[in-house]
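Here is a short note for a colleague who is opening this model for the first time. Please read the points below with the structure in view.

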Amino acid sequence: MRNKNKRLPDDQARNDGQTRPENQKNDRMNDFAPYGQASFFETAEEKLHSAVSSDSLPQLASELRAELSDLYLAFQRFVPEESRDACHELDMYAAHIDRTYFRLLRTVNNMNATANLRDPRSYRMEPWNIVDVVGIICDKSAEVAGYKNVDLRFMHHMDRHVILFDRSAIETALYQLLSNALRFTPSGGEIRVALHDAGDKLYLEVSDTGRGMSDQEREAVFQRCISWDQEQNGLSPAKLSLGLPLCHAAARNHGGTLMALSRRGIGSTFMLSIPNRAPTYMQTARQRETMDFDDNGFDPVLLALADAAPVEAFSVRNRY
């Protein structure tokens, strides 16, 4: 679905705020300032660190992954894909189980990533074309978003932009932001991903037309490692959510920041910044080429967006 990525003309890109005169750059950052306070994310990470040590998370994640694999293998033997493909009703029932499994596996992977992303020594700063890295994720994520009738597009004015960054960390952060955006964007809504070259910084922006957050919700989200759902009786905790702490760790350990802007009933925008580090001549000669890979045989995009993807995305007929 590469045709969803649009190269904007220079004039249009300027009008959309993707390139701005030097004297206007600070104005855009000021829009985000009230919602990008580091204390929100630091509080979330402090709670996470005090709850369980980083050393124990990978071991716990490994144990959980093994148990989940055994359960899923037994399920596949009871309900083989051939039976699902032959019966739509059975396929949809099984898709619910698939989605639950993918969501649990995603949480386990986040537990493991929490330990890795906290340690900047584990980062591999290599030259990548970030336009391709983001574009590949957006192309495949657009297919998952389509099952929810949400239009996801990568809007950019750069064909190529090679800088030094840890691909795994940035991909993890982008998946987390896309998952949050898709989860709270209703059918018929839009998600827009953009890259902004601001000289010394590169900004990765994810915007949605979802329900947005009130001041109370925003404070609750950033002060606790949980996600919240709005119910008739008010706010109630939904489940453990490591997404924003992971995004913040990825930005911070690159030397950047994570900022947020949200309005209830309008939508939310999250902006992750990283230094615009150009590789040396020798590093450019060793530039890594983007490549597709999966997670233990699973579609990495479907796994990353499992919390937000509708059950139809897990149908055997749609997945293969």
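1. In what follows, contact means heavy atoms within 4.5 Å. Leu-178, setting aside residues up to four places away in sequence, touches Ile-137, Ser-141, Leu-152, Ile-191, Val-193, Val-206 and Leu-305. This is a predicted model, in which local features need pLDDT of at least 70 and side-chain atom pairs count only at pLDDT 80 or more, while totals for chains, interfaces and linings use all residues. Residues are numbered from 1 along each chain as its sequence is written, and side-chain values use heavy atoms, with hydrogens and water left out.

2. Leu-178 has its place in helix H8, where helices are DSSP runs of H or I with at least four residues, numbered from the N terminus. Leu-178 is buried, with a relative accessible area of 2%, where buried means under 20% (1.4 Å probe, protein chains only). Between the C-alpha atoms of Leu-178 and Ala-308 there are 8.9 Å in space, although the two are 130 residues apart in sequence.

3. Why can H8 be called largely enclosed by the rest of the structure? The reason is that 14 of its 18 residues are buried.

4. H8 and helix H10 (residues 243–253) pack at an angle of about 145°, their axes being 9 Å apart; axes are lines fitted to C-alpha atoms over the stretch in contact, and angles run from 0 to 180 degrees between N-to-C directions. Ala-169, Ala-173, Gln-176, Leu-177 and Asn-180 of H8 meet Gly-243, Leu-244, Leu-246, Cys-247 and Ala-250 of H10.

Terms used. Buried means under 20% relative accessible area, exposed over 50%, partly exposed in between (1.4 Å probe, protein chains only). Helices (H or I, at least four residues) and strands (E, at least two) are DSSP runs, numbered from the N terminus.
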